[in-house]
Amino acid sequence: MSYEKLAKAGFASLLELAIHLPISYRDNRLSTTLHVGEVHTFEAEVVSFSTLPKRLVVTVRTPITHEPIEITIFHPKPYHHALYKPGVKHYLQGKIERFGAKLQVVNPKKLSKVGEIVPHYQTKLRQDLHRRLVASLVTVENLMKEGLDELRATLIVRAHQPDDVWLRLYHRHGGLGPKTMEAVKFAEAFDYFKRLQGKRVDFPAMQRLTGSVEPFVKRLPFTLTEDQQHAIREIADDLQREVAARRMIVGDVGSGKTMVILASAMIAYPHTSILMAPTSILARQLYEEAKKWLPESVDIALVTQSREEGNIEDAHFIIGTHALLYRELPKAPLIMVDEQHRFGTEQRKRLEKLVLEGESSTHAKPHFLQFSATPIPRTQAMIDSALIDVTLIESTPFVKDITTYIIDKHGFGHLLKHIEQEIEEGRQVLVVYPLVEESEHIEYRSLEESEGFWRERFDGVYVTHGKDKLKDEVLQAFAKEGKILLATTVIEVGISLPKLSTIVIVGAERMGLATLHQLRGRVSRNGLKGYCYLFTHDVKNPRLQAFAQTTNGFEIARLDLKFRKSGDLLTGRVQSGKEFLWLDMGEDEEVVKEAKERVLSMGHTTHR
Ligand code: ADP
Ligand code: MG
């Protein structure tokens with residue numbers, strides 16, 4: 001029995017085998033006392049037997065009680081008669097019940113071996129082979145060699161070979177005790193970090209970047225939030241290294257990521273940095289902000305498909321769309337991507353090439369910072385950090401004041417009144433439909449079916465399907481003079497709409513919480529009082545009700561995970577790739593943190 005057998009059995013590591021705990025246990029130890037109603041294993045000596053129609057009744061004597069026990073075997077086979085000849089002894093297992101005045105066991109199991117608690121595994125091996133594999137490899141000594149501490153190793157081994165007390169607690173609690181649970185979670189996280197440790201490859205940086213952010217920060221009319229400052233410090237620390245940075249900065253919509261981007265460009269200055277955004281509107285907006293906030297000495301250029309501004313060859317800071325990927329660029333030791341999650345696969349591949357330019361691993365690479373507005377639970381961030389550094393920006397400079405209502409058709413009149421009132425006060429409204437055209441599969445009206453309704457009652461109604469050619473123009477025009485914008489869920493309003501106070505989401509229960517959160521995040525920018533109406537036929541939906549209670553993206557990411565696990569999701573995309581047996585991304589922060597630190601402290605050259 002050896003480590004090679006592990007791979008054959010489908011386990012990538014010893015720890016993976018170790019945390020693959022039995023799904024049940026069979027207690028084959030001989031009972032010493034008798035409790036009516038419980039399953040017992042006992043030695044039975046046949047005293048007599050009688051054949052009745054369709055059953056065999058055997059009377060046996062056992063050491064666990066003075067009373068004789070009646071064994072009833074329904075539909076006996078010929079061999080049963082031989083088996084239960086008076087005088088023979090067997091080990092039997094079955095539930096002992098009192099039937100009238102007599103103790104009785106119906107259809108007991110005959111055991112050839114007693115005296116053990118036998119674990120039962122879900123495995124593609126034969127049970128006995130799997131048991132032998134575990135028994136030979138999952139030992140305290142071996143687990144400690146893998147890096148586990150003695151206590152956790154002992155707890156895990158005991159879960160494979162439980163004793164009496166352990167098993168009783170297991171049955172009483174209906175599962176693992178908290179200490180054993182913690183140990184397997186730790187082992188799972190530890191195994192994950194250990195195995196990924198070699199996978200992260202670090203490249204030499206093209207340039208160490210050590211510029212000062214002071215000239216930029218000084219000019220700001222506000223103080224940066226703690227989280228912004230922390231992110232900037234981490235980035236400054238990354239960029240001054242000789243190793244090319246790989247960092248993902250995750251912050252909710254409105255958490256002020258642009259300031260962190262601008263600060264990063266300052267750290268790179270006077271060297272060139274490149275910033276890529278998913279849409280031309282967003283690129284332009286970032287360009288305007290950069291010009292507004294960065295010191296004049298920083299030369300800035302804009303590159304979109306239709307337009308170029310500034311001097312690209314000599315710029316310190318080049319901002320653009322994916323058009324950047326299809327042209328010659330000056331050498332830049334810092335590359336950044338905003339709203340990273342909105343790029344397509346093809347663009348990501350090209351981007352990767354840009355960042356990893358040069359074939360050999362010794363070839364210097366630019367520092368690379370990705371910014372994402374899709375919050376992930378802290379624990380998930382820590383898990384992801386095995387391959388890329390992660391910074392979370394969890395606070396926002398303005399606390400969003402958004403009231404969320406869940407309504408059905410009975411609430412629609414109230415909604416219309418609210419919309420009229422908001423428009424009266426110069427605010428704007430966004431209505432999101434699940435579909436463009438009518439469909440038999442969806443019990444909600446489509447964008448096209450509803451357009452007439454809105455146009456009849458309001459002016460300043462703008463429509464975009466989200467994929468139409470003129471989408472950007474429609475959005476720009478709406479931003480300036482529109483009142484109501486009708487759109488579908490594919491809408492990605494990259495630009496800020498400071499007057500947008502209300503969003504109505506039709507068929508909200510069909511969407512993932514992450515999507516709902518992105519949509520709701522469009523309103524109440526800059527502290528404006530916001531309203532979100534979730535229109536649904538299912539007003540009692542627990543997911544929507546939980547969503548209505550919080551606007552914190554990180555909290556919503558946790559909720560999303562929780563409801564995903566309970567399977568209450570109709571549509572929406574899967575966020576996290578890796579599935580864990582025990583770890584819960586919403587809850588197991590402590591144990592993941594400790595596992596990560598343990599692996600790091602074991603020392604390895606490529607990781608830091
Ligand atoms: P994100 O890109 O993370 O969604 P932005 O960078 O667009 O958010 O910032 C949202 C708004 O908050 C912008 O108007 C920005 O100027 C403002 N802002 C950013 N940081 C601060 C801060 N520390 N204090 C006050 N306002 C800020
Ligand atoms: Mg942004």
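The lining of the largest cavity has six nonpolar, five polar and one charged residues; here Ala, Val, Leu, Ile, Met, Phe, Trp, Tyr, Cys and Pro count as nonpolar, Asp, Glu, Lys and Arg as charged, and the others, Gly among them, as polar. Domain 3 (214-393) and domain 4 (402-550) both contribute to that lining, so the cavity lies between them. Heads up: this is a predicted model, where local features need pLDDT of at least 70, side-chain atom pairs count only at pLDDT 80 or more, and totals for chains, interfaces and linings use all residues. Residues are numbered from 1 along each chain as its sequence is written, chains are lettered from A and ligands numbered from 1 in the order in which they are written, and side-chain values use heavy atoms, with hydrogens and water left out.

**Cavities**
- Searching the whole structure turns up three cavities of 30 Å³ or more (on a 1 Å grid over the protein atoms alone, a cavity is a set of points where a 1.4 Å probe fits but cannot get out, and lining residues have an atom within 4 Å of a point).
- The largest cavity comes in at about 70 Å³, a volume being the space filled by probe spheres set on the points, with grid points joined across faces, edges and corners.
- It has 12 lining residues, and the closest to its centre are Pro375, Ala514, His517, Gly553 and Ile556.
- Helix H18 (513-520) and helix H20 (553-565) each put at least two residues into this lining (helices are DSSP runs of H or I with at least four residues, strands are runs of E with at least two, and both are numbered from the N terminus).

**The largest pocket**
- The largest pocket holds about 1000 Å³ of space; a pocket is an open set of points with protein on both sides within 12 Å along at least five of seven lines.
- Of its 39 lining residues, Thr258, Gln285, Glu289, Ser496 and Arg525 are the closest to the centre.
- By class, the pocket lining splits into 13 nonpolar, 14 polar and 12 charged.
- Helix H12 (280-293) is among the helices that supply at least two residues of the lining, along with helix H11 (257-268) and H17, and H12 gives the most, with nine.
- Domain 3 and domain 4 each provide at least three residues of the pocket lining.

**Domains**

**Parallel sheet**
- Six strands make an open sheet with parallel pairing, in the order S18-S23-S22-S19-S21-S20; two strands pair if DSSP finds at least two bridges between them.
- Strand S18 (402-407) and strand S20 (461-464) are the edges, each with a single partner strand, so one side of each has no neighbour in the sheet.
- From one strand to the next, the twist averages 15° (axes are lines fitted to C-alpha atoms, for helices over the stretch in contact, and angles run from 0 to 180 degrees between N-to-C directions).
- Strand S22 (residues 500-506) and strand S23 (residues 530-535) share five bridges, and Ile503 has Cys532 in S23 as its bridge partner.
- Helix H17 (residues 471-481) lies across strand S19 (428-433), S20 and strand S21 (484-488), at about 155° to S20, where contact means heavy atoms within 4.5 Å.
- Helix H19 (residues 542-549) lies across S18 and S23, running at about 160° to S18.

**Antiparallel pairs**
- Seven bridges link strand S2 (residues 39-52) with strand S5 (residues 89-95) in the antiparallel sense, and Thr41 sits opposite Gln93 in S5.
- S5 also runs antiparallel to strand S8 (residues 109-111), over three bridges, with Leu111 in S8 as the bridge partner of Tyr91.

Definitions and conventions. Domain bounds come from an automatic or database domain assignment.
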